[in-house]
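Notebook open, structure on the screen.

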Amino acid sequence: MIAYIEPYFLDNESDAASVLTVTGRSSDGVSESLNIQGEILCGGSAANIAGKDFGGMNCVKPLAVVRPVGPEDIAGAVRAALSSDKLTVAARGNGHSINGQAMAEGGLVVDMRSTADNHFEVGFLAGGDGGGTAFVDVSGWALWENVLKRCVSEYGLAPRSWTDYLGLTVGGTLSNAGVSGQAFRYGPQTSNVTELDVVTGNGDVVTCSEMENSELFFSVLGGLGQFGIITRARVLLQPAPDMVRWIRIVYTEFDEFSRDAEWLVSQKDEASFDYVEGFVFVNGDDPVNGWPAVPLHPDHVFDPTRLPQSSGSVLYCLELALHYRDSDSNSTVDKRVERLIGRLRFDEGLRFEVDLPYVDFLLRVKRSEEMAKVNGTWETPHPWLNLFVSKRDIGDFEQKVFKELVKNGVGGPMLVYPLLRSRWDDRTSVVLPEGEIFYIVALLRFVPPGAKASSVDKLVAQNQEIVQWCVKNGIDFKLYLPHYKSREEWIRHFGNRWSRFVDRKAMFDPMAILSPGQKVFSRAL
């Protein structure tokens with residue numbers, strides 16, 4: 001098979017176009033040329049754009065990067081790959097994959113963020129005149145940060161479920177799940193969309209929903225990009241609050257931390273906070289891993305003398321937020337907070353809180369991003385590990401991982417907080433541990449600038465050690481943002497859902513064109 005990219009520009013220079021020519025030498029001698037209205041980059045330019053991701057641990061060379069004008073260009077890239085013997089296609093959003101999931105070695109990478117067609121339209125599912133459920137139609141390549149700002153500023157509305165970091169594309173998070181502190185109430189982002197436009201592995205552009213092309217709809221949600229590339233999503237909205245009371249409280253014992261967290265996420269809406277997360281931190285003065293990471297304001301001071309002498313090597317922080325309106329009096333907000341927090345058994349004297357605008361709260365990680373770019377850690381490797389762990393096994397996991405393997409911290413946040421299975425739709429491609437309550441665990445490692453490759457390898461090996469320990473000891477877990485290298489590992493990951501996953505692949509991407517970087521399937525010849 002010979003594949004080559006031939007740049008071509010129309011006579012009108014302002015109307016740039018390219019021709020992607022793929023020549024496939026097969027038994028029937030098929031040769032096909034396809035016009036792409038967008039731009040195509042090859043060689044070093046392609047490698048610079050799509051040869052590395054946020055994880056920084058994988059470097060591969062694509063054949064070319066396609067910068068599409070719209071969905072038809074994306075479909076064109078897929079059809080071009082189909083006409084070849086071995087080309088694959090990967091959709092790259094904002095480049096925040098950790099383990100090469102959005103890469104295509106020797107294939108085509110679709111640079112979704114370059115797409116000119118940015119769809120944005122607010123409407124109502126029923127009732128009219130604002131009386132129905134509000135939604136926003138957005139492009140799959142839109143950043144959640146921009147969706148938030150525009151929905152709030154123009155309509156006073158906001159999506160219901162988020163990720164902690166909003167510099168991610170809509171299509172990217174919906175292809176995984178999309179989880180943050182609101183997921184206990186509304187479910188992940190995949191539970192808060194009602195319609196999608198998708199380019200399948202067959203090169204078709206399809207609209208799908210729960211009622212129309214439903215198998216494709218549920219396949220794509222959490223489908224790791226294996227069944228289609230999301231080009232438009234209909235996202236449910238709700239009235240946006242004005243302000244947030246943001247609170248952090250500290251625990252010495254994991255049992256008390258988890259008991260309170262599980263109680264909060266199990267309450268009805270009005271009987272809990274609007275956001276519930278948690279994290280583990282080192283019982284020491286390390287500025288990244290220890291006490292200084294807990295206070296919410298420069299004037300706040302973490303007083304370690306408030307800790308009991310029996311405190312161990314790690315501590316636990318429950319992070320909470322309560323939404324309110326500008327019209328709510330301070331006393332009303334205080335009473336709501338005290339009514340909820342009075343039930344909790346945290347260490348007195350280790351409570352921190354601030355009030356801030358709703359949008360600022362949702363963009364809180366943006367400040368961390370800016371600091372990381374200044375100190376150089378944004379560009380270093382990020383050997384992150386994200387897991388879902390069952391309530392049944394979270395205690396054993398905590399003892400082994402938090403108190404032993406990572407007791408000195410990971411150079412970044414160590415998140416752990418409960419979610420409710422009933423808020424997730426089993427028809428999607430996401431797989432979860434058993435039981436109603438399970439925990440998300442995220443070890444978000446940041447490597448210091450100038451660190452040797454051997455130190456990064458050591459962190460990757462520690463991640464593997466954690467996963468292998470879970471497997472060996474029968475821990476009920478699933479990788480979130482999964483990455484495996486063998487078919488056997490993927491079969492174990494999906495369990496009794498594996499056959500459904502394979503059937504869906506055969507239906508929507510039978511040649512295994514899409515998302516080769518996930519290493520789930522091999523390109524069919």
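**Burial first.** I call a residue buried under 20% relative accessible area, exposed over 50% and partly exposed in between, with a 1.4 Å probe and protein chains only. F281, at 1% relative accessibility, therefore counts as buried.

**Ground rules.** This is a predicted model, so I keep local features to pLDDT of at least 70 and side-chain atom pairs to pLDDT 80 or more, while totals for chains, interfaces and linings use all residues. Residues are numbered from 1 along each chain as its sequence is written, and side-chain values use heavy atoms, with hydrogens and water left out.

**Confidence.** pLDDT is the predictor's confidence in each residue, from 0 to 100. I find a mean of 91 for the protein, with 92% of residues at 70 or more. Over residues 1-33 pLDDT stays under 50, and the model has 59 contacts (heavy atoms within 4.5 Å) beyond four places in sequence for them.

**The sheet.** I take helices (H or I, at least four residues) and strands (E, at least two) as DSSP runs, numbered from the N terminus; two strands pair if DSSP finds at least two bridges between them. β4 pairs with β5 (residues 64-67) in the antiparallel sense over four bridges. In β5, A64 is the bridge partner of C42.

**Cysteines.** Does C42 sit buried, partly exposed or exposed? It is partly exposed, at 30% relative accessibility. I count a disulfide as a pair of cysteine sulfur atoms within 2.5 Å, and the count comes to zero. The closest cysteine sulfur to that of C42 is in C59, 19 Å away, which is too far for a bond. C59 is exposed, with a relative accessible area of 61%.

**Aromatics.** Rings of Phe, Tyr and Trp (its six-membered ring) pair if their centres lie within 6.5 Å; planes under 30 degrees apart are stacked, over 60 edge-to-face, the rest tilted. I get 30 aromatic pairs in the structure. W246 and F361 have ring centres 5.5 Å apart and planes at 75°, so they are edge-to-face. W246 lies in β14 (residues 243-251) and F361 in α9 (residues 358-362), so this pair ties together parts 115 residues apart in sequence. Both W246 and F361 are buried.

F281 comes back here: its ring and that of F302 have centres 5.9 Å apart and planes at 80°, so I note edge-to-face. F302 is buried, with a relative accessible area of 9%.
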